[in-house]
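Dear colleague,

Please find below the structure that I am handing over to you. My notes on what was found in it follow directly after.

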Amino acid sequence: MRIVIENSYVMKDDAIRHEFAVTYVTHVCTAPHRGTVALDRYGIYSACFQLPLGTPVNSQYRRPDAKRTCGNLRSDTVSAETPEALPHVDTGGLFERLFEFSPDAIVVTNADGKIAEVNAQVEKFFGYARADLLNQSIEILVPERFRGTHPKQRGDYARHPRVRTMGAGLELYGQRKDGSEFPVDIMLGPVEGVQGPVVLCVIRDLTEKKEAEEALRRSEQQKSYLEEELGTSHQFDQIVGDSSALKRVLKQVEDVAATDATVLILGETGTGKELIARAIHDLSKRRDHAFVRLNCSAIPSGLLESELFGHEKGAFTGAIAQKVGRLELAHQGTFFLDEVGDLPLELQPKILRALQEKEFERVGGTRTIPVNVRLVAATNRDLAKMVSTGQFRSDLYYRLRVFPITIAPLRERRDDIPLLVRYFLGSHSKRMGRNIESIPTEMMQTLVKWHWPGNVRELENFIERSVILSPGPALRAPLAELESAAEFAGRTDTNLEAAERDHILRVLRECRGMIGGTNGAADRLGLKRTTLNSKIKKLGIERRDYI
């Protein structure tokens, strides 16, 4: 006897290290001597070898060194010259046991797409009892968003049945009884059964694989982010100052750090809000995890949602790969949302939901991702006023304002200026290789009296310029940039605003109208470009005033 086979393929499973070959038997050659062919109850025969003359063929006969095969033997009679007799191996029901205890879910469907048989893993993966699935449409296991198109795809497969993976190159999902989804890999294969053709669907749960891949991707992106953070030069390594206003802030930091309460840091630009946020993180129980920051004013509003929540591959033009967002990177750590007053209105309910429900979806994704972060937000804007004018959601405002900390501007803690001047002098002198040993008394007095609209950032930039201009052992500062402090003694707030306007105008003229970039007006004033633009608009400064 000779058995003719076709469409042989091998599936390898590295996890359980086995090889499973599937072969379809097209016909059996006959000869004058006849024997009887028997099928199991699935119409599937699991052997591929020569048969002795007159021997009934059933699942109990198998050559020990033959690969496991799966095919259909039609009710033809077979014969051949008998080679050596085959040994009888007592393996009754072996195929049924392999089917039942496969590590993958196996679903057998008929030509109408009805479920004819399932194994135990289907019950485990999908949460249905076996009796609930039999005679049900296969679409019961398909996510609802794909059920409308699935019958057509099933019909296309029935017209051209072959062994292949389902949805090659696509991300496939199965739907459990409770409505939740999980990623799957599906292999399809046509089998000729006793009651007609059926389709064998082998379903593998990819949940653990996907979670491992995402954990690795998150770890790699977090590593990249932290390397970037290490390469960033912060204003100073520790909070410098001895004023009562600063001590009051540090006491608040100490009180709230041990909790997971949301903190809102308020203060003018350049007052060191990020340093306070880092101090909260360093004193908290999350200090061994990441401190991730996102500046809402530094990223275009169209890209901010992707940066915040991440996106899936293909979510929009240019999304060629999946991206983990900053919020997800901060899982188990602290998420610092800087300039939260610049958060677009359309994003505010999304960040509110993420804070309240501790979960979110990536842009273009449907899977809910749990997240556990401690939020610290900061702004130099008057959020209460923004709420009253409809520029900021009141529910998000109250969610952020669990524990507010207000940092006083540098002009209200002048006792800290000498300490800061000496700190910055030492830091920049060492970096530039200068040996500056003294600061003239008159210079220090002028620095203390100046109102520093850019606060600590402006002071640091001024000292850095002074170090560059000081070739000798004494600090030489460009005091011409600063007006005499006597002009501001006893001035009202209105006069202070006028003085600030004059100072900004003078710097803009010296920079020939250049606002951003190195040695631009924003850099010289120690302000961010966006902050300086806001001040120019607020103070009514026109371009013709300085050009």
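Strand S6 (residues 172-175) and strand S7 pair in the antiparallel sense over four bridges; two strands pair if DSSP finds at least two bridges between them. Strands (E, at least two residues) and helices (H or I, at least four) are DSSP runs, numbered from the N terminus. Within this pair, Gly174 has Phe182 in S7 as its bridge partner. The hairpin of S6 and S7 has five residues between the strands, and Gly179 takes a positive phi near 95° there.

Please note that this is a predicted model, in which local features need pLDDT of at least 70 and side-chain atom pairs count only at pLDDT 80 or more, while totals for chains, interfaces and linings use all residues. Residues are numbered from 1 along each chain as its sequence is written, and side-chain values use heavy atoms, with hydrogens and water left out.

S7 (residues 181-193) also runs antiparallel to strand S5 (residues 164-165), to which two bridges join it. Here Thr165 is bridged to Met187 in S7. Strand S8 (residues 196-205) is likewise antiparallel to S7, and 10 bridges join the two. Gly189 has Leu200 in S8 as its bridge partner, and the hairpin from S7 to S8 passes through two residues.

A further sheet is open and consists of five strands in the order S10-S13-S16-S9-S17, with parallel pairing. Strand S10 (291-295) and strand S17 (403-406) stand at its edges with a single partner strand each, so one side of each is left without a neighbour in the sheet. On average, neighbouring strands of this sheet are turned by 20° against each other, direction ignored. Four bridges link strand S9 (residues 263-266) with strand S16 (residues 374-379) in the parallel sense; Val263 is bridged to Val376 in S16.

Turning to the helices, the axes of H8 (residues 301-309) and H10 (residues 348-357) come within 11 Å and cross at roughly 10°. That makes H8 roughly parallel to H10, a term used for angles under 35 degrees. Axes are lines fitted to C-alpha atoms, for helices over the stretch in contact, and angles run from 0 to 180 degrees between N-to-C directions. Glu305, Leu308 and Phe309 in H8 meet Lys350, Ile351 and Ala354 in H10, where contact means heavy atoms within 4.5 Å. The residues of this contact divide into four nonpolar, no polar and two charged.

Finally, a search of the whole structure finds three cavities of 30 Å³ or more. A cavity is a set of points on a 1 Å grid over the protein atoms alone where a 1.4 Å probe fits but cannot get out, and lining residues have an atom within 4 Å of a point. The second largest cavity holds about 60 Å³ of space, a volume being the space filled by probe spheres set on the points. Its lining includes Trp452, Glu481 and His503. Helix H15 (455-468), helix H16 (493-510) and helix H17 (521-525) each supply at least two lining residues, and H15 gives the most, with three.

Yours sincerely

Terms used: Parallel < 35°, antiparallel > 145°, perpendicular 65-115°, else oblique. Nonpolar A, V, L, I, M, F, W, Y, C, P; charged D, E, K, R; others polar. 1 Å grid on protein atoms, 1.4 Å probe; cavity = no way out; pocket = protein on both sides within 12 Å on 5 of 7 lines; lining within 4 Å.
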